[in-house]
Every structure is written in C-alpha cells, then in structure tokens.
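Q: I've got a model open and I'd like to learn how to read it. Can you walk me through it?

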Amino acid sequence: MKIGRLLIYFFLILFAIFYLTPIYVLLVTSLKSFVEVDLKTMWRLPKTISIESFIQAWKGDPKRGLRGLSQNFMNSVYLVIPATILSAFLGSMNGYVLTKWRFKGADIIFPMLLFGMFIPYQSILIPLVQVLQKIKLYSTIPGLIFVHIVYGIPITTLIFRNYYSTIPSELIEAAKIDGADFVGIYRRIVLPVSMPAFAVVMIWQFTSIWNDFLFGLVVAPNPSVQPITVALNNLAGSYFVQWNIQMAGALITALPPLIVYIFLGRYFMRGLLSGSLSGV
Amino acid sequence: MQKDKLYSFLFILPSIILIAIFVYFFIFWTGFISLTDWNDIFPSFNIVGLRNYIELFQNFRFQISMKNTLVFTALFLVSSLILGFLLAIFLDQKIRGENIFRNIYLFPMAISFVVTGVVWRWILNPGTINNPVGLNQILDKIGLSFLKSGWYTDPKIGIKAVVIAAVWQMSGYVMAMYLAGIRGIPSELFEAAQVDGANMWQVYRYIVLPLLRPITLGAIIILGHISLKIFDLVVAMTGSGAGFSCDVPALFMYDTTFRGNHFAQGASIAIILLLMVGVLIIPYLRYSLKSEVKR
Amino acid sequence: MAEVKLENVTKKFGDVIAVNNVSLDIKDKEFIVLVGPSGCGKTTTLRMIAGLEEITSGNIYIDGRIVNDVPPKDRDIAMVFQNYALYPHMTVYDNMAFGLKLRKYPKSEIDRRVKAAAEMLGIENLLKRKPKELSGGQRQRVALGRAIVREPKVFLMDEPLSNLDAKLRVQMRAELKKLQRTLGVTTIYVTHDQTEAMTMGDRIVVMKDGVVQQVDDPLTVYEKPNNVFVAGFIGSPPMNFIDATLSEDAKILDLGSFKLGIPSDMQSFVAEHAKNYLGKKVILGVRPEHIYEVALMKTEDLIPEAVADLKVEVLEPMGTEVYLYLINGPVSVVARVSAETRARMGENVKVMFDLRKMHLFDPVTQMAII
C-alpha cells in the first residue's frame, strides 16, 4: 500500500514535469539576454534576467524589418472584447427561448445550431471570404468580430441552454402570474440569475477567440489587422528572428488566456466540461 | 400570449438566420464550388461533375495527408484517453495537493495551439548527431540515448511527433472530464462494491469504467473532431514537413485554396473533411439528444 | 372575491387526454381541494385555471368572465407553487412586491401591503433576506405572502405543503385554512394527500385519469363514496374490498370462505336498493374501523351472524390503536382495533363486520350500489 501510493505520487510528479517543461523553456529562454541564447544551453537557467527579448517581440526592430506584436496584441483585444460580449448575449437569448419558451420545432433547431460547433471551418471558408468581400468586411476587425459571433452561436447557446434548464420553470410561471411579459421575465428574472453562465461563456469565448488562428489567417490577411496568433506564427516562421524573441512572443500571446485560467479557473473548467456536451 | 410568442421567435431568429446562411448555405455553396472548374484566381462556375474529387483521390499529397490524419487521430485519441484516465484515477486517491496537480495538467488547454506548436518545435528540434539539443539532449543526459530521434524532421516519424504536442495540450482535458465523471458517481456505489468484497482494482474495473462509458464516448467525439480538423498546431510546429510527412487535409486545403488559388480543388478537400467529421458527429448528436429527451 | 366555473374543460397533450371534460362550480370564498393520485390531471386543471396551460376545449370563467385566452397576469389570480418558485436574486420584500411593482402600484401602497402580509405570516423580520437564507417553512410563508399581497380574486395552490416536514405540514395545514377564512379569497388547492384534502377542503374534488370522480364535502366523500376508486382513495388505512355474492333474499353475503348475515333491520333496505344484484356478485366495501374485535365488544352490540374467524397475519401497533391484517381463504382485510386487543400474531381472532356501515359496489362498473 505504501509503495503503491509512492508510485502514484511518482507518476503524478513525472507528468507534472511533462506539462510544465514547455513553460520552463518559454520562461528561461525569453528571459535570457541575446548573448546567452544558444540552443545547446536551452535547458539552463538564465545567468542574468533580461527583458530584451520581450521588448523586441513587442516593439519589433524596424531596422531588420521585424514587426513587433504590439499592434496585433491590441487587434486581438479590440476583437475579443466585443465578440465575447455579443456572442454571450446571443447565446443567452437563444438559451432562454429554447428552454423556457419552447415552440414547435425547438427540438429541431437546437441540434441544427449545435452542429455548427463541430464542422471543420474549411468547409465554409471559401464562401465566407466571398461574402465578407461583398459586404466590405473582409480583412477588417469588425469582419473578424462578426465571424466569431456567428460561429460562437452554437457553443454559447449550448452552455446557456444547459444552465437555464436548471432554472425551475415555476420561476418563469410565477413571474408570468406576477404580470411580467417575455422581455420582462428575461430582464428581471433570467438575466439577474445568469451571472455564473455568463462567466463560463465569456471565459470560454474569450479563450477560444483569443486563441483562434484559422479565421485570423484567412479572414484578415492584412498584417495591420491580424490577430496576435497569426502574427506570432509569422514571427516564429521567419528564419532571421532569434529564438528568444519567438519565445517571448509566444509568452505574450499565451499570457491573457493564462491569466484568465489562473484567476478564473473554476469557470474555465466548467466551460470545458459543458463544451464536452456532458450536459446534453 | 401571442405577443410573447412573437417576441420569443424574434429573439432566436437572428441566430437561426445566421446559422442557416453561414453554416448550412455555405456548406452547400462549398459543395457546389467543388463541382466546378474554379481553379484559378477568377471565379468560374462551369460544372465539371466529380472531376475535382477524382483528381483529389489520385493526388499523392492528399493520400499522404489522409493517411497522416488517420494515424494522428488514432495515436492522439488512444494516448490522450489512457493518460487522461490514469491521471484522473490517480488524482482521485486523496492526493495531497490535488488542486495543484490538476491545474498543472489542465493549463495547456488555455493556450493557443500556435503557442504550443512554436514551443514544441524547439523542444523536439533534434539538433545534430554530435550536438543534440532539446529533448534529445535530455535523453542523452539521463542515459536514454537510444530513444533519441529526428522527431518531426524524420519523414518516418513526421506527424507522430506532432501527437506529443497535441497530447500535451489535450490530455488534461480528458483528465478533467474523467475526474468530474468519477466524482459524479455516488459514493454509496463505491461503498457497496467494497462491502461486496471488491478490491481497488475491481472497483475501477467493474464499477467506475462502465459508468464512465458516456464520458469516454464524449471524449472520443471531442478529441476526434478536433483531431480530424487539426490545423493550427501543424502549421505552427512543422508545416507540411519533409515529403509531406506532417501534412493533414486541413493544411492541404488551406494551401490549395488560399495559396494555390485552386478553389474548386480546395472545396472538394473541405467537403471530404466535413464528411469525415460528420460520420463521427452526427450519430453522436442524434444519440445524445435522443437520450436527453428520454430523461 | 369570485366564483370560478369550469365548463366541459378538456386538455390533450398530443394523443394523451390529461383532463377529460371537467365541469366544476366553485363558489365565492370556497376552499376547494383537487385530490387524486399523480397523473390524475389535478395539476393540469389548476394550471389551466392559472392560464399557464392552454385549454383544448371547454370554457373557464372567473367572476363570470370567460378567461380562456386571457394571459395569467390578467386573470387576477395568485399562485403558490410546490417548490415555492421564489426569485433567488430578490429579497423577501422584493419577492412579495414584484407583482405589485409590475402593476405600477404606488410605493406606499406596496409597502403597506407587503408589511401587512408579512405581519400576518409572522415574517416581518425576514424581509431583507434572500430566499436561500430561509428555512423551508419560511420560504413557504414568503410564497404565501407573495400571493396575499396581490389581493387576487383567486388563490391557486399546487401542493404547497408537500416540501415541508411532517410536523410543520400539520401545523401549516391549520394555519393556511385559518388564513383563507380570514381573507375570504376563493382558493383552489391541489394535493395528492387525502388527509390534507379531508382536513382543509370545504369541498373535495376527487380525480382519476383526468376525470372527476366525485365532488362533495369531506364527510360525504368519506361516507358515501361514488365508486370503488373514491372509496379506496379516501381514508387510511384504505377501505377493504371483498368479492362477495348477495343472496336472493338479501339476507346473506357469501364471501367464499365464510358467510356474513345482514342485520335483519337492514335487509329490506338492501333488497330495495340492490334489487338488481340479488343472487349476483358484488364488491363488499368495509372500512377498517368497522371491523370489531368480538372479545372487546359489549354483548348487546354483538350480531352473531356477522362474526367470522380470521387468522392474524400481521399486527401493527400504532399507539392508541392496532392494525390487524387478517386472512381467511381468499378474504384478506385490515381491521383497526383498540390497543387493548387480545389478538396475537399467527393466532385466530373473532371479528364482527359492521354491515350497517357497509358499501356495495358493482363489480363491473365499480359504481356504488349502497
């Protein structure tokens, strides 16, 4: 028994090391000065802490034609905030109707919406680009916001629907008898008790929109509107960009969702689990 | 009453319209494009039947990328499920610092695939025979030199190296799903099994595992569809690799369409990809929604 | 203050008929209880009166006005739900005030009504709390308060006491009844608990499979049940039913393993009221308290023809009384006797069936004969 537990701890710690290794590499490399950076010593701790690589990754180096990530970071911020808020509200409205105002055909509509969550986006990319070009949203941040709202509908609807189905329908009925109408019930009863679901949905949407790569790549080919993931990929793909700058860039890119994870991990976890359809 | 019904319909109508256009009509449109001869910059909609598909199946790169995707999916699913399950049952043994372990296992889920790809590209960089770097260097140090390899630079390994990074990112998710599942099993069941004389191993074998079957199914669906669609990670980590040894259909589609301007060809790849995902997802959606109605 | 009238009200869910052609006249200030087993349509009936469920056919009147298509908020009703349905994000005060606020009552009037209701219910000190900080009984009172402040024409209550523990339930039963008397508001109360129905209702509506079985005051329902279902549903332990044959001369009931003689002064009554059943099969219904242990009886009360010898299978002491589970051949009955009983488990006991209080039912239609 004692040995068994020891083995379990050994196994758990071994894998903790596995999961932490890339973060270790990210940190030690990005904190090294340019002179110290060498692939052969990648595992070593930095002798002196330097934030040179962060500065270069953020500001770029116009002399060498190196674009910094600052603009793209802000692009992602401008993109993620409205997209997250709007898609959360859309999901909340859908979830409210689908659980509390079930009409004929609701049973069909929900799986039809849900299916959109699983499709490979490659299967809609070509028409998407064509349409965005038509409506002049191609290669703009509003265009990207719009795309994320549309393709966020399935998951946000799913999470809100699962949450609202735990609200007893008597609550809605009591409000009906008290004299509230459709909008009144939503505003005065449903919204005020939706905060946990909003937290879950907004964290989920924030993370996935921030981390998106495909839409950013295809819908925003102009570097000045690219989100940070696309810019990071470009930075890391250039042969002349030093390794420590790449790592600093990766860390900058990973930071916002990591902060959310560290401070709001509980909601993040709930989002993950509801995203797995375990509630369905 | 009537007014409320109208409002409720108006509430959900925008979403219905958006999904109808941006999912269903777009899929239909992609399907249509895949039957045309739009294979350069200028749109052209002459129907050529299944020619794009026939050419596709004869295409060397497509064959490799299909094979890669299947290998990747199989390896990724099996390793993530096993690792996730083991971590979950070990964490369920009243472990000290369970929270810390759990957070460490799960945090990669919060990170972009692009970041994961960039980091693992360097860790799995093999270096040279005399100057091994990254993981190879560690293997040398701890006396496991025989495990050294060229990783993704070796065409024989190729996509399998990407599996390591994907498992790193997603196995924590599987762990979380299983752990939530185990915690959801009423403790009376464990106690009843123990009273019935089951040992720890038997409890997991005969009680926990069967009860977790829906979770396993859910995990297979989630990981499966992510895996079939995998794109960001491959782009950031390896690209299509030596001799396309790391290529996947999603990447092939992107290159064909948006770099090569072979829109009809690209559309046909997209449709094949959609069919693969559909085979996995549609039965599951039907199954879980039906069982929900029963409840 | 209002009358409520249901006229041939029917509700179908797809092919399932949940409520079948129900007609009811509920008087002003009446406390009427809908009772029946789960799935009998009592809750659906209540929800149709509330307007939460559409009516498939028929009419519902409140205070003389047809309300078939009137939304719940305009029916001037208030409802108390089984799980109370208190708004979790609002304080007790706001929960009670919500309906009045939506109806744009002046603040002072809202305040007056909420305080008055809170005082009546003894929850003045809870007004600032949220529902989750309250006990079950307190929540129950808040739910009542929310209904009271509205001063509606009709109270609708859907099993409001069933989430309370047994002791509190008994206490609230009396309090609720008293409250209704004081306020004088027409009340329609749904429950599956026949004791609640008996103790609270001015009249009881017994329902089964969407059909009203009997509408009467509690005592009448108990003493003159319309059919086997009502007879068995009301009363605890339930009435005993025994297959029997009535003799041609209306003197004897043959129970198979033994015979019972009908008291001589009852015979002409039976012969007249059950004239179509002479010499035929009937169902004999006897309540457990109408089977007496001979050893405890005064000799002048004894009617020897109605005595039988049955074996005691199980003996359940309930404190002041004892339930005897008796068996003789195909006949198996429960008798409710005094705690002084001499009966012992496994032994035989002589009991007398009080046929003056017997019920006879038609074995096919299950309807009461006498």
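A: Let's start with contacts: two residues are in contact if their C-beta atoms, placed from the backbone, lie within 7 Å. In chain C, among contacts between residues at least 6 apart in sequence, 66% join residues at least 24 apart. This is a predicted model, so local features need pLDDT of at least 70 and side-chain atom pairs count only at pLDDT 80 or more, while totals for chains, interfaces and linings use all residues. Residues are numbered from 1 along each chain as its sequence is written, and chains are lettered from A and ligands numbered from 1 in the order in which they are written.

Q: How many helices and strands are there in chain C?
A: Helices (H or I, at least four residues) and strands (E, at least two) are DSSP runs, numbered from the N terminus. Chain C has nine helices and 20 strands, and its C-alpha trace spans about 75 × 45 × 35 Å along the principal axes.

Q: What about helix 7 of chain B: where is the kink centred?
A: A bend at a residue is the angle between axes fitted to the seven residues ending there and the seven starting there. Helix 7 of chain B has a kink of about 40° centred on B:Val167. As for cover, 21 of the 26 residues in helix 7 of chain B are buried.

Q: At what angle do helix 5 of chain A and helix 1 of chain B pack?
A: Axes are lines fitted to C-alpha atoms, for helices over the stretch in contact, and angles run from 0 to 180 degrees between N-to-C directions. Here, helix 5 (residues 122–134) of chain A packs against helix 1 (residues 2–33) of chain B at about 90°, with the axes 8 Å apart. That makes the two helices roughly perpendicular, a label for 65 to 115 degrees.

Q: Which residues of helix 5 of chain A meet helix 1 of chain B?
A: A:Ser123, A:Ile124, A:Ile126, A:Pro127 and A:Leu128 do, and among their partners are B:Phe22 and B:Trp29.

Terms used:
Buried ≥ 20, exposed ≤ 12 C-beta atoms within 10 Å, placed from the backbone. Parallel < 35°, antiparallel > 145°, perpendicular 65-115°, else oblique.
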